[in-house]
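Hi everyone, thanks for coming. I'd like to walk you through one structure today, so please have a look at it while I talk.

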Amino acid sequence: MGFTEINHKVVAADVAPGREVLARRGAMLAYTGSVGFAPVHAGAGGLGGMAGRMMAGEQVPMMVAQGTGTVYYGHRGLHVTVVELDGSGPLTVEADRLVAHDAHLQSAVVFLGSQGGIRGAVRGAVSGQGLFTTQLHGVGAAAVLSHGGTIALDVRPGVTTTVDPQAFVAHVGQVTADISLNASWRDAVGRGSGEAVQLKLTGHGTVFVQASEQKI
């Protein structure tokens with residue numbers, strides 16, 4: 001099914017029986033046709049697995065759109081990027097950056113520490129993700145939020161792609177992210193480059209980077 005980008009800040013999704021859409025509450029802007037909306041509670045099974053996601057100990061309330069019609073989504077005037085999943089690897093994204101996705105995608109809350117021990121937990125802290133993040137698995141599409149739009153950078157075997165943790169939005173595919181600390185006394189006293197903490201991404205896939213270092 002997927003999403004259609006109407007402009008930089010709004011996407012549209014066609015809803016039909018068997019093609020439901022999950023979105024964060026408050027993201028629905030308008031709709032046409034016969035579409036109904038219902039809350040999906042944290043920990044509930046069924047559509048999308050765990051639809052009420054935990055993000056640093058907090059839940060992001062979700063709604064399911066069902067019926068027949070077209071729904072328009074956006075959130076706080078932020079830019080929206082559509083990410084396609086082809087089944088080759090999960091989409092890893094901060095929970096509050098995920099505005100909507102195909103409901104048939106399987107969702108899981110991942111503890112960053114389990115993906116890299118202490119380094120994984122530190123990565124979450126410095127990127128603003130907390131200790132938890134969201135992964136979507138399957139074939140479909142998701143819409144993610146950013147400040148100023150995103151650029152998509154290839155992650156290729158044998159080549160390390162480095163991004164600023166505050167600019168990181170999401171990655172898709174078989175990608176591993178690790179923290180790089182280049183702190184020095186000059187950084188500690190504010191005279192360094194300001195780029196002491198970096199994310200190193202390896203593997204095969206795509207990383208999405210926003211045109212800002214602001215959090216959502």
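Let me start with a question: is Arg76 buried or exposed? Its relative accessibility is 73%, and with the cut-off for exposed at over 50%, Arg76 counts as exposed. You'll find Arg76 in the loop between E7 and E8. Its backbone deserves a look too: phi is positive, about 55°, although Arg76 is not a glycine. As a reminder, most residues other than glycine have a negative phi.

Now step back one residue. His75 is also found in the loop between E7 and E8, but here the relative accessibility is 9%, so His75 counts as buried. And what does His75 touch, leaving out residues up to four places away in sequence? The partners are Arg24, Val99 and Leu145.

Before going on, a word about what we're looking at. This is a predicted model, so let's talk confidence. The mean pLDDT of the protein chain is 80, and 72% of its residues reach 70 or more. Among the elements, strand E2 has the highest mean pLDDT, at 97, while strand E5, residues 53-55, has the lowest, at 41. Over residues 43-58 the pLDDT is below 50, and that stretch has 45 contacts in the model beyond near neighbours in sequence. Residues 185-194 also have pLDDT below 50, and there the model shows seven such contacts.

Next, the overall picture. The protein chain has two helices and 17 strands. Of its 216 residues, 49% are buried. If you take the contacts with a separation of 6 or more, 81% of them are between residues 24 or more positions apart. The accessible surface comes to about 9800 Å², and 53% of that belongs to carbon and sulfur atoms.

On to the inside. In soluble globular proteins, nonpolar side chains tend to be buried together. Here the largest nonpolar core has 19 residues, and those with the most contacts inside it are Phe3, Val11, Val21, Tyr73, Val99 and Ala100. Which strands each supply at least two residues of this core? They are E2 (10-15), E3 (21-24), E7 (62-73), E8 (79-86), E10 (98-102) and E13 (139-146). Another core lies apart from this one, with 13 residues, among them Leu136, Val169, Ala170 and Val172.

Val99 brings us back to where we began. Setting aside residues up to four places away in sequence, Val99 touches His75, and its other partners include Leu22, Ala23, Val80 and Val144.

Let's finish with strand E4, residues 28-40, where Thr32 is found. Thr32 is partly exposed, with a relative accessible area of 43%. Leaving aside neighbours within four places in sequence, Thr32 is in contact with Thr68, Gly69 and Thr70. From Thr32 to Asp14 the C-alpha to C-alpha distance is 9.6 Å, and the two are 18 residues apart in sequence.

One last item for those of you who like rings: how many aromatic pairs does the structure hold? There is one. Its members are Tyr31 and Phe37, with ring centres 5.3 Å apart and planes at 65°, so the pair is edge-to-face. Tyr31 is partly exposed, at a relative accessible area of 39%, and Phe37 counts as partly exposed as well, at 29%.

Key: Residues are numbered from 1 along each chain as its sequence is written. Side-chain values use heavy atoms; hydrogens and water are left out. A nonpolar core is a set of buried Ala, Val, Leu, Ile, Met, Phe, Trp, Tyr and Cys residues joined through side-chain atoms within 4.5 Å. Buried means under 20% relative accessible area, exposed over 50%, partly exposed in between (1.4 Å probe, protein chains only). Helices (H or I, at least four residues) and strands (E, at least two) are DSSP runs, numbered from the N terminus. Contact means heavy atoms within 4.5 Å. Accessible areas come from the Shrake-Rupley method with a 1.4 Å probe; for residues, only the protein chains shown count as cover. pLDDT is the predictor's confidence in each residue, from 0 to 100. Rings of Phe, Tyr and Trp (its six-membered ring) pair if their centres lie within 6.5 Å; planes under 30 degrees apart count as stacked, over 60 as edge-to-face and the rest as tilted.
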